[in-house]
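Hi,

Here is the structure I promised to send over. Have a look, and my notes follow below.

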Amino acid sequence: MRKFFPVEDLARDERFNQITMNDRMADQRTVITTDSRPSRAANRIVPSRGDASDAARGLMHGIFVGEIQALEGAGRTCWDFTTGEEAPFELKLDMARQCWDEARHVEISVKLSDWMGSEIGEYAENTVLFQAACSNDPVLRLAGVNRALEGLAIDVFTTMKEFGEVAGDQYLEFAEDWMLADEVTHVKMGSDWLRKITEDDPERRKKALDFQSVVDKLFSYGGTRSESQESPIGLARRFRELAGFDDQEIDVIAKLSLAALEERKAAVLEAQAAHN
Amino acid sequence: MADAKKPRAPFAPWDRRELPGLFSVEESARRVGAYKWCELKLFEALGGWIATVPELDVKMRLGAHCYKHAWHAELWHKRLPELREMNPDRLTVAPNEHMVCFIEALTEPEAPELTIEKLVGVYRVFIPHFISAYTFHLNNTSDITDAPTMRSLRFILQDEFEDWRDGEMLIQSLIETPAEVDRAAAHQARLEKILLAAGGITGSGTIGFSTPEHEGAIA
Ligand SMILES: [Fe+2]
Ligand SMILES: [Fe+2]
């Protein structure tokens, strides 16, 4: 088996359809709308939104494939690096633990998707999460996957948990709450290892943090996640604090996300004007 | 008990624990170091394979099992300093070159069509050898002096039995034709021959028999 596994080779059965981040962003059926009808005045996934169940199902499928890739990425970090020399033994133990957690998240996601009435492969699979797990520096993987993407997972699970709460769906609320607990642990692993490994290597730390902000930006693109109700997913400040983010770091992500939302709205308006 | 001063034997009549055990401190540490090396290699391989298997249920099982073997490696890592090995890395080694070859052959399959080979290597070869090595250790060490190792062995063996059953059921569910039965058996035989040369996961004497070098043991 090779060291470093290309994203194109991720093994899937025939139900899955993979797309890249570029494909996704080129799709005009954007998650952001400037539709002013009451049902779509806010994009946040809440039960009162007209297309709430479909949006929630789509998001759930996104979580499901994200969990598969998180599982695969953590597994590759166990394999790709020499123990002791390229990655500390204890870091690999954490990654193995994450494998177990992500495997359970896939199981939970399958059950939840079933509960919500969707099927495996009903939506496309964006493979960007695994791409962030392909870096040849384990610290960059932890920054990109554990801090940026699993940070996003904290936001997503918090939004879904609230959705379950408001909709009176205890099954959904229960499952999201448990996944949230694991994700906080995974983000904290990322924060702790980043600090520990780069303690005496400011250049490597900067590189990792830069990579994290690239990934954060990628996911803020389109304003999918921000503190505005116009974004489908909120920013979970409290859980991010638990996971080792400081206030300043959360403020940076909040600002970045809002700017991305405004940018996307302007682009949508421009596209609509050109169409009319 | 009415009389608090009445002497009692330190070993109750039903307590059959004995001294000495078969292994010296050094031999215990050497075995534990080999266990750690093998568990480490196994969890690394299971982690790497997750992305390469298309079967969703297998993918998830590998993820769960990857953690269990990492935990075993951690238990052995923590036991080493208690066995006077203050630099655990020194003993975290393959018992011999054959064992290194075994890991190379075990981790060779990568293509998505080779799930049977991946699982056979782990669940029909490697894990049964763990079970026998751990059982031999458990049955031959002193349950007084080496009780901490035995406690870990029992926890780990419980995992190994469960994982072996999981893996074997997955293999049986994947094998659908006589040709696949042959494929599984051929891969198993190839790996077993290497382990025969290695003498087991801790080298010759893993389960009490010393293994002579066999001519052409490695096919
Ligand atoms: Fe997860
Ligand atoms: Fe996670």
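How many salt bridges are there between chain A and chain B? The count is four, taking a salt bridge as a side-chain nitrogen of Lys or Arg within 4 Å of a carboxyl oxygen of Asp or Glu. One of them pairs E72(A) with K59(B), with the closest N and O atoms 2.5 Å apart.

Before you dig in: this is a predicted model, where local features need pLDDT of at least 70 and side-chain atom pairs count only at pLDDT 80 or more, while totals for chains, interfaces and linings use all residues. Residues are numbered from 1 along each chain as its sequence is written, chains are lettered from A and ligands numbered from 1 in the order in which they are written, and side-chain values use heavy atoms, leaving out hydrogens and water.

Back to the interface: 31 residues of chain A are in contact with 30 residues of chain B (contact means heavy atoms within 4.5 Å).

The other bit I looked at is helix α4 of chain B, residues 97-106 (helices are DSSP runs of H or I, at least four residues, numbered from the N terminus). Its buried residues are H98(B), M99(B), F102(B), I103(B), A105(B) and L106(B); buried is under 20% relative accessible area, exposed over 50%, with a 1.4 Å probe and protein chains only. They sit on the same side of α4(B), because they cover an arc of only 165 degrees around the axis (using directions from the helix axis to the C-beta atoms). On the other side, E97(B) and E104(B) are exposed. The buried residues of α4(B) pack against α1 (25-49), α5 (115-140) and α7 (178-198) of chain B.

Cheers

Note on methods
Helix = DSSP H or I, 4+ residues; strand = E, 2+ residues; numbered from the N terminus.
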